[in-house]
Amino acid sequence: HKNLITLEGWTREDLGFFLDQTEYMEELLNRPIKKVPALRGKIVMNCFFENSTRTRASFEIAGKVLSADVINWSSSGSSASKGETLRDTVWTLEAMAADAVVVRHGEVGVPDYLAKKLTKASIFNAGDGTNGHPTQALLDLYTARQKLGNLEGAKMAIIGDVLHSRVARSDIQAFRKMGAHVTLSGPATLMPENTASLGVEYVSDAREAAEGADILYFLRMQRERQEDGLIPSIDEYHRRWGATDSLVSLASPRAVVMHPGPMNRGMEIASSVADGPRSVILDQVRSGVAVRMALLYLCLGGVR
Ligand code: CP
């Protein structure tokens, strides 16, 4: 494949192959000298129209470990703020011989639109509005498989603001394809209407979702995307849907706690859980580098 826009259409075999490639990349990262010449001479443009810490830095590190030249571009401070259109901006970047454009944008569908407009460069979706965040789902899947083994029949609870979460949409696609059963929980006002058509169950009571779960996935409260009046108070939210020690104690003995970051400590997650023995949140961050290395390698340098 040339692009990664969505995980829709990926089979279980595609996902398994990708996770195996990620394992090789992680082995490279564990060596004292990490750099290899696999993508020497390739140019990767990181184009972020929305803020990011993890995704941007890990695409940059991934490209650099594979010896690509990585250029970081963000909309603030660019000619986009002078009114240049998205299409002109990205055509300009492609004209500078970029081999790949990593794009994050607040609007749904931007990576797909760019993939149709650009003829040469690969496009990688680093998050589009509330729609999808495929590389996050791949790193979540990789981390969960590493900790739990085969995910067939695993119970996953995704708790929080699903309505605004591109991570939840991509994770539902990826984890269901690997055979996990997904239950959603959170305030009814922060749930999409079509939970059944996503192939998942919704329960209002987070304790019901957490009971016996192998994966507890807590979502960030996306205050910047929420309309006033949709959300309960912080205290009520934390008490009913937050990751607390008492909620986590209901999960299976092998359960892992995940969060995509950035975290609102004291809101959707208590520090005792975020920093506790079941948390794999920093493993997720670490996996993000290997996942993005595998993506860059497979699309720009390796087998197509
Ligand atoms: N999880 C995630 O996408 O984090 P950033 O917004 O920091 O990239």
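Domain bounds here come from an automatic or database domain assignment. On that basis the protein chain is divided into domain 1 (12-132 + 287-301) and domain 2 (134-284).

Two remarks on the source. Residues are numbered from 1 along each chain as its sequence is written. This is a predicted model, where local features need pLDDT of at least 70 and side-chain atom pairs count only at pLDDT 80 or more, while totals for chains, interfaces and linings use all residues.

Back to the domains. Their C-alpha centres lie 26 Å apart. Across the boundary, 21 residues of domain 1 are in contact with 21 residues of domain 2; contact means that the C-beta atoms, placed from the backbone, lie within 7 Å. On the domain 1 side, two or more residues each are given by H1, helix H2 (54-65), strand S4 (122-128) and H11. Helices (H or I, at least four residues) and strands (E, at least two) are DSSP runs, numbered from the N terminus. By class, that side of domain 1 has six nonpolar, eleven polar and four charged residues. For the classes, Ala, Val, Leu, Ile, Met, Phe, Trp, Tyr, Cys and Pro count as nonpolar, Asp, Glu, Lys and Arg as charged, and the others, Gly among them, as polar.

Helix H1 (residues 12-29) packs on helix H5 (residues 134-148) at an angle of about 75 degrees, and their axes are 10 Å apart. Axes are lines fitted to C-alpha atoms, for helices over the stretch in contact, and angles run from 0 to 180 degrees between N-to-C directions. H1 and H5 are therefore roughly perpendicular, the word used for 65 to 115 degrees; under 35 is roughly parallel, over 145 roughly antiparallel, and the rest oblique. H1 contributes Leu15, Phe18, Leu19 and Thr22 to the contact, and H5 contributes Leu138, Leu141, Tyr142 and Arg145. Six of these residues are nonpolar, one is polar and one is charged.

Now the core. How many residues does the largest nonpolar core have? It has 88, and Val101, Leu216 and Leu296 have the most contacts inside it. Such a core is a set of buried Ala, Val, Leu, Ile, Met, Phe, Trp, Tyr and Cys residues joined through C-beta atoms within 7 Å. Buried means 20 or more other C-beta atoms within 10 Å of a residue's own, exposed means 12 or fewer, and partly exposed is in between, with C-beta atoms placed from the backbone. Helix H11 (residues 281-301) supplies the largest share of this core, nine residues. Domain 1 and domain 2 each provide at least three residues to the core. Leaving aside neighbours within four places in sequence, the contacts of Leu216 include Ala157, Ile159, Val248 and Met258.

Val167 counts as buried because it has 27 C-beta neighbours inside 10 Å. Not counting residues up to four places away in sequence, Val167 touches His133, Gln136, Leu219 and Pro260.

Last, the backbone. Most residues other than glycine have a negative phi, and most peptide bonds are trans. The peptide bond from Gly261 to Pro262 is cis, with omega near -5 degrees. Ser67, not a glycine, has a positive phi of about 70 degrees, and Ser67 is partly exposed, with 15 other C-beta atoms within 10 Å. Ala97, also not a glycine, has a positive phi of about 75 degrees; Ala97 is exposed, with 11 other C-beta atoms within 10 Å.

Methods:
Two residues are in contact if their C-beta atoms, placed from the backbone, lie within 7 Å.
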